[in-house]
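Biologist: Could you take me through this model, residue by residue where that helps? I would like to ask questions as we go.

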Amino acid sequence: MSKSLVLLCSPRENGTTDELALYFIEGYKRESASIDVAALRDHDIRTCVNCGYCSSHPLKCVFDIDDATTLLERFLAARLVVFASPVYFYGPPATLKALIDRGQKYWTGFREELASGHVIELLAAGRVAGERVFEGTKLILNCFSRVMNKNKPRAFSYRGLENPGDISPEIISELRSLGASVARAVRDEQ
Ligand SMILES: Cc1cc2nc3c(=O)[nH]c(=O)nc-3n(C[C@H](O)[C@H](O)[C@H](O)COP(=O)(O)O)c2cc1C
């Protein structure tokens with residue numbers, strides 16, 4: 001497996017979840033220099049149209065020339081993938097959901113294998129209330145990770161964050177520590 005990969009999943013640049021990712025990366029870099037970052041908003045991701053091509057051609061997609069193809073390959077190859085994503089209407093934003101739906105070609109080509117890798121979710125929601133606010137996003141990312149033969153994600157979710165300024169020093173410190181500990185775990189496995 002190759003590099004660690006952080007996916008910035010919000011359509012908003014320099015927003016809350018970009019910042020959450022930044023603190024995680026700061027911690028990660030204390031232990032390891034090797035981490036890639038990709039913002040989904042900067043990529044061309046066509047939406048799945050259920051054309052059926054991948055049912056007859058497993059692991060292939062009619063849109064295999066766009067950026068979703070390489071992003072999914074990078075996800076497959078990575079030792080660590082971090083999804084930094086806001087909650088939009090109890091689920092992931094359309095940018096992330098579009099990428100996940102393009103994973104359908106891996107579902108049609110799915111073969112049971114030993115799951116591997118680390119998957120981390122850094123999730124933000126604006127409201128403090130809403131007991132089930134992270135459930136939809138977690139379920140979807142669990143299902144997606146399973147299809148990609150990755151281990152079950154570990155989710156770190158933060159409420160009451162509308163903007164980057166709402167991130168408390170405690171959260172910043174927690175994310176830096178998390179980044180450093182995940183970097184050590186990834187390094188020790190090599
Ligand atoms: C379209 C849209 C839908 C949202 N839906 C929810 C929601 O269902 N529950 C919630 O608590 N916050 C919701 N929010 C607030 C965002 O989760 C919050 O502002 C988050 O910090 C944005 O992260 P970002 O700056 O990385 O995009 C929504 C925001 C937008 C723009």
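Biologist: Leaving aside neighbours within four places in sequence, which residues is threonine 17 in contact with?
Modeller: The model is predicted, and in it threonine 17 is in contact with Leu8, Cys9, Ser10, Ala84, Ser85, Pro86, Leu122 and Ala124, its neighbours within four places in sequence being left aside.

Biologist: Is threonine 17 buried or exposed?
Modeller: Threonine 17 counts as buried because it has 23 C-beta neighbours inside 10 Å. The residue lies in helix α1.

Biologist: And how far is threonine 17 from arginine 111?
Modeller: Their C-alpha atoms are separated by 33 Å, and the two residues are 94 residues apart along the chain.

Biologist: Let us turn to the ligand. Which residues are closest to the ligand?
Modeller: The closest are Gly15, Thr17, Pro86, Gly126 and Arg127, out of 19 residues that surround the ligand. Pro86 is also one of the contacts of threonine 17.

Biologist: Which helix gives the most to the shell around the ligand?
Modeller: Helix α1, residues 16–31, gives the most, with 3 residues.

Biologist: What is the make-up of that shell by class?
Modeller: The shell around the ligand has 9 nonpolar, 6 polar and 4 charged residues.

Biologist: Staying with α1, at what angle do α1 and helix α7 pack?
Modeller: The angle is about 45 degrees, and the axes of α1 and α7 (residues 169–188) are 6 Å apart. That angle is why α1 counts as oblique to α7. The crossing of α1 past α7 is right-handed.

Biologist: Which residues of α1 and α7 meet?
Modeller: From α1 the residues are Leu20, Tyr23, Phe24, Ile25, Glu26, Gly27, Tyr28, Arg30 and Glu31. They meet Ile172, Leu175, Arg176, Ser177, Leu178, Gly179, Ala180, Val182, Ala183, Arg184 and Arg187 in α7. By class, this contact of α1 with α7 has 11 nonpolar, 3 polar and 6 charged residues.

Biologist: Now helix α4. Which of its residues are buried?
Modeller: In α4, residues 94–101, the buried ones are Thr95, Leu96, Lys97, Leu99 and Ile100.

Biologist: And what do the buried residues of α4 pack against?
Modeller: They pack against α3 (67–77), β3 (78–86) and α6 (135–147).

Biologist: Next, cysteine 54. Where is it, and is it buried or exposed?
Modeller: Cysteine 54 is in helix α2, residues 53–56. It has 22 C-beta neighbours inside 10 Å and therefore counts as buried.

Biologist: What is cysteine 54 in contact with, leaving aside neighbours within four places in sequence?
Modeller: The contacts of cysteine 54 are Lys60, Cys61, Gln104, Lys105 and Thr108. Leucine 8 is 46 residues from cysteine 54 in sequence and 27 Å from it in space, C-alpha to C-alpha.

Biologist: What about leucine 59?
Modeller: Its phi is near 70 degrees, a positive value in a residue other than glycine. Leucine 59 lies in the loop between α2 and α3, and it is exposed, with 11 other C-beta atoms within 10 Å.

Biologist: Changing topic again, where does histidine 118 lie?
Modeller: Histidine 118 lies in strand β4, residues 118–124. With 18 C-beta neighbours inside 10 Å, histidine 118 counts as partly exposed.

Biologist: Which residues does histidine 118 contact beyond its neighbours within four places in sequence?
Modeller: Histidine 118 is in contact with Arg79, Leu80, Asn151, Val182, Ala185 and Val186. Val182 is also among the α7 residues that meet α1.

Biologist: Asparagine 151 interests me. How far is it from leucine 114?
Modeller: Asparagine 151 and leucine 114 are 8.7 Å apart in space, C-alpha to C-alpha, and 37 residues apart in sequence. Leucine 114 is found in the loop between α5 (104–108) and β4.

Biologist: Why does leucine 114 count as exposed?
Modeller: Leucine 114 counts as exposed because it has 6 C-beta neighbours inside 10 Å, and the cut-off for exposed is 12 or fewer.

How values were computed
Residues are numbered from 1 along each chain as its sequence is written. This is a predicted model: local features need pLDDT of at least 70, side-chain atom pairs count only at pLDDT 80 or more; totals for chains, interfaces and linings use all residues. A residue is near a molecule or strand if its C-beta atom, placed from the backbone, lies within 6 Å of it. Helices (H or I, at least four residues) and strands (E, at least two) are DSSP runs, numbered from the N terminus. Ala, Val, Leu, Ile, Met, Phe, Trp, Tyr, Cys and Pro count as nonpolar, Asp, Glu, Lys and Arg as charged, and the others, Gly among them, as polar. A residue is buried if 20 or more other C-beta atoms lie within 10 Å of its own, exposed if 12 or fewer, and partly exposed in between; C-beta atoms are placed from the backbone. Two residues are in contact if their C-beta atoms, placed from the backbone, lie within 7 Å. Axes are lines fitted to C-alpha atoms, for helices over the stretch in contact, and angles run from 0 to 180 degrees between N-to-C directions. Angles under 35 degrees count as roughly parallel, over 145 as roughly antiparallel, 65 to 115 as roughly perpendicular and the rest as oblique. A crossing is left-handed if the near helix is turned anticlockwise from the far one by less than a right angle, and right-handed if clockwise.
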